[in-house]
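Here's a walk through one protein chain and the ligands that sit with it. Have the structure open and follow along.

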Amino acid sequence: MTEPAATYDLIVIGAGPGGYVAAIRAAQLGLKTACVEKMPTLGGTCLNIGCIPSKALLHASERFEEAGHSLAAFGIKVAGVELDLPGMMGHKDKVVKANTDGVDFLFKKNKIDRLLGTARFTAKDRIEVEGKSYAAKNFVIATGSDSTPLKGVEVDETRIVTSTGALSLPEVPKHLVVIGGGVIGLELGSVWSRLGAKVTVVEFLDRILPTNDGEVSKQMQRILTKQGMAFKLGSKVTSATKTDTGVTLTVEPAKGGDAETIEADVVLLSIGRRPYTDGLGLDAAGVELDERGRVKTDRHFRTNVEGIYAIGDVIAGPMLAHKAEDEGVAVAEILAGQAGHVNYDAIPSVVYTWPEVASVGRSEEELKQAGVAYKAGKFPFLANGKARAMNATDGFVKVLADAKTDRVLGVHIIGAEAGILIAECVLAMEFGASAEDIARTCHAHPTLSEAVKEAALAVDGRAIHI
Ligand code: FAD
Ligand code: NAI
């Protein structure tokens with residue numbers, strides 16, 4: 001075996017939110033650390049082609065919609081609102097650069113060696129990057145995920161795009177067909193709908209956002225329909241053929257029946273993401289995958305090979321940036337001899353549509369299926385003073401608590417700023433709080449957060465304002 005170009009305590013493979021956070025925490029704890037990344041910029045999917053650019057476009061398109069349609073209700077007349085798409089894309093690019101440069105700065109500050117290129121295991125304690133060999137006592141695989149393909153729908157990132165292409169369309173499509181009514185479909189569908197596209201979402205199941213609480217999914221569909229989006233539920237796309245002017249899609253009922261064709265200018269394929277381990281040489285290291293292609297780990301992020309760990313989208317669990325980050329911190333602390341830990345029962349998830357959807361813990365469907373006796377308290381934003389002042393009365397807060405102990409088991413919010421409101425519910429769950437604890441906590445007036453307090457009061461039939 002060739003001599004390694006360098007030897008480290010830890011080499012992290014992948015500089016997404018899982019990998020870069022693991023590298024920073026390990027360096028803080030005194031480990032000699034390197035991080036390999038094949039993209040020219042740091043930050044992974046999240047910073048380059050995921051969370052950050054999508055939120056930049058969601059925020060900007062929301063302001064565009066507001067200026068064009070919603071401000072009049074506040075007595076503000078705005079004339080001549082025009083879309084400057086290159087300007088909006090420029091905003092997105094600037095935000096991405098500021099964030100990826102920020103990680104670069106943090107790597108330098110923490111003296112982390114950045115290795116540019118694709119890492120491939122050549123043995124269980126060696127990787128090769130751009131023809132050079134590196135050794136380490138420990139490795140963390142944080143190679144993330146990529147878009148799941150669909151037979152008959154060939155992505156070219158121009159007319160048939162994944163989220164990556166949908167973040168950079170050069171013009172607003174007349175008709176955007178979205179395959180998959182999950183998080184990406186609804187977020188990026190909302191962006192292009194606000195900018196003027198007709199958007200049709202084709203979803204295989206009989207509801208959108210199928211992993212969310214059922215009541216939330218139904219309300220979301222009603223609200224997005226009111227905003228102009230169209231939904232074809234219980235339907236599957238069996239082919240997408242490019243024509244001179246666009247794409248012809250064949251759509252069939254999921255349970256069988258007659259096929260129909262739909263014409264689109266652009267098609268967004270968003271039917272989920274799959275773990276990414278291409279070219280990583282896991283065979284050479286002997287690392288096992290599970291039945292869904294994820295790197296198999298135990299609760300301490302250990303793979304079956306001593307000294308090789310894995311975190312983030314490439315292992316089991318929700319594919320979320322904050323989950324990957326928390327695992328990054330935990331694995332670094334474990335490697336430094338501390339007791340790193342992630343509480344998977346209290347990981348929030350947020351859909352950044354308007355209004356937002358946010359949840360933590362279990363849904364009513366999950367509790368019913370598990371046979372857990374629970375009580376539900378619900379409060380609509382229609383009865384919240386601040387929501388009325390904001391003209392944001394769509395949605396509700398639902399608190400689910402154990403019928404016997406009153407311990408909070410789940411919170412589901414659809415409404416303005418739901419992503420911020422969920423934070424106190426996550427904290428409550430982290431501390432094992434009861435609905436009564438939230439209900440007795442003083443919430444400032446007038447704020448949207450009073451709806452959380454009222455929903456907690458409603459668990460015991462004591463809401464004041466409804
Ligand atoms: P990644 O961020 O995917 O990073 C993995 C990195 O590893 C990549 O940079 C890749 O280039 C690199 N890599 C892979 N193989 C190798 C190799 N062999 N050698 C070197 N480098 C390699 N999550 C949220 O929580 N909130 C959101 O709002 C949100 N929005 C999203 C929007 C979109 C459009 C998408 C696609 C995803 C979104 N996500 C969001 C999900 C989030 O991006 C992921 O959960 C998160 O990025 C996972 O982090 P990770 O570190 O595991 O992997
Ligand atoms: P998703 O899992 O959220 O949704 C995929 C949808 O496609 C589901 O509703 C599913 O039933 C449907 N589907 C599957 N096969 C289909 C088919 N053949 N035809 C029609 N519909 C089909 O996946 P998505 O939206 O691609 O996002 C991937 C992941 O990225 C998310 O699960 C999430 O983990 C992450 N993400 C998180 C965001 C956030 O936190 N705000 C934003 C964007 C992505």
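Predicted model: local features only at pLDDT ≥ 70, side-chain atom pairs only at ≥ 80, totals over all residues.

## Ligand 2 and its polar contacts

Start at E203: one of its polar side-chain atoms sits 2.6 Å from an oxygen atom of ligand 2. That's a polar contact, meaning a pair of N or O atoms within 3.5 Å; inside the protein, one must be able to donate a hydrogen and the other to accept it, and residues adjacent in sequence count only if both atoms are side-chain atoms. Taken alone, ligand 2 exposes 840 Å², and the protein buries 78% of that (accessible areas use the Shrake-Rupley method with a 1.4 Å probe, and for residues only the protein chains shown count as cover).

Residues are numbered from 1 along each chain as its sequence is written, chains are lettered from A and ligands numbered from 1 in the order in which they are written, and side-chain values use heavy atoms, with hydrogens and water left out.

The shell around ligand 2 holds 23 residues, and I184, E203, G272, M319 and V350 come nearest (a residue is near if one of its heavy atoms lies within 4 Å). Helix α6 (residues 183–194) supplies the largest share, 4 residues; helices (H or I, at least four residues) and strands (E, at least two) are DSSP runs, numbered from the N terminus. Sorted by class, there are 13 nonpolar, 6 polar and 4 charged residues. Here Ala, Val, Leu, Ile, Met, Phe, Trp, Tyr, Cys and Pro count as nonpolar, Asp, Glu, Lys and Arg as charged, and the others, Gly among them, as polar.

Why does ligand 2 lie between domain 1 (8–147 + 274–336) and domain 2 (160–271)? Both domains give residues to its shell, so that's where it ends up.

## Ligand 1

Ligand 1 has 39 residues around it, with G18, E37, T45, K55 and A321 the closest. Backbone atoms do some of the polar work here. G18 has a polar backbone atom 2.9 Å from an oxygen atom of ligand 1, A119 has one 2.9 Å from a nitrogen atom, and for C51 the distance to a nitrogen atom is 3.5 Å. On its own ligand 1 exposes 1000 Å², of which the protein buries 94%.

Which elements give two or more residues to this shell? They are α1 (17–28), β2 (33–37), α2 (44–49), α3 (51–70) and α9 (321–335). α2 gives the most, with 4 residues. By class, the shell has 18 nonpolar, 16 polar and 5 charged residues.

## Domains 2 and 3

The chain also has a domain 3 (348–459), with bounds that, like those of the other domains, come from an automatic or database domain assignment. The centres of domain 2 and domain 3, taken over C-alpha atoms, are 29 Å apart. Contact (heavy atoms within 4.5 Å) links 17 residues of domain 2 with 19 of domain 3.

Together the two domains bury about 1400 Å², 55% of it on carbon and sulfur atoms; buried area is the accessible area (1.4 Å probe) that two parts lose on being put together, summed over both. On the domain 2 side, D213, E215 and V216 lose the most area to domain 3, together 32% of what that side buries.

Two cis peptide bonds are worth a look. W354 and P355 are joined by one, with omega about -5 degrees, and P355 lies in the loop between β18 (349–351) and β19 (356–361). The bond from H445 to P446 is cis as well, with omega near -5 degrees; P446 is in the loop between α13 (435–440) and α14 (450–458).
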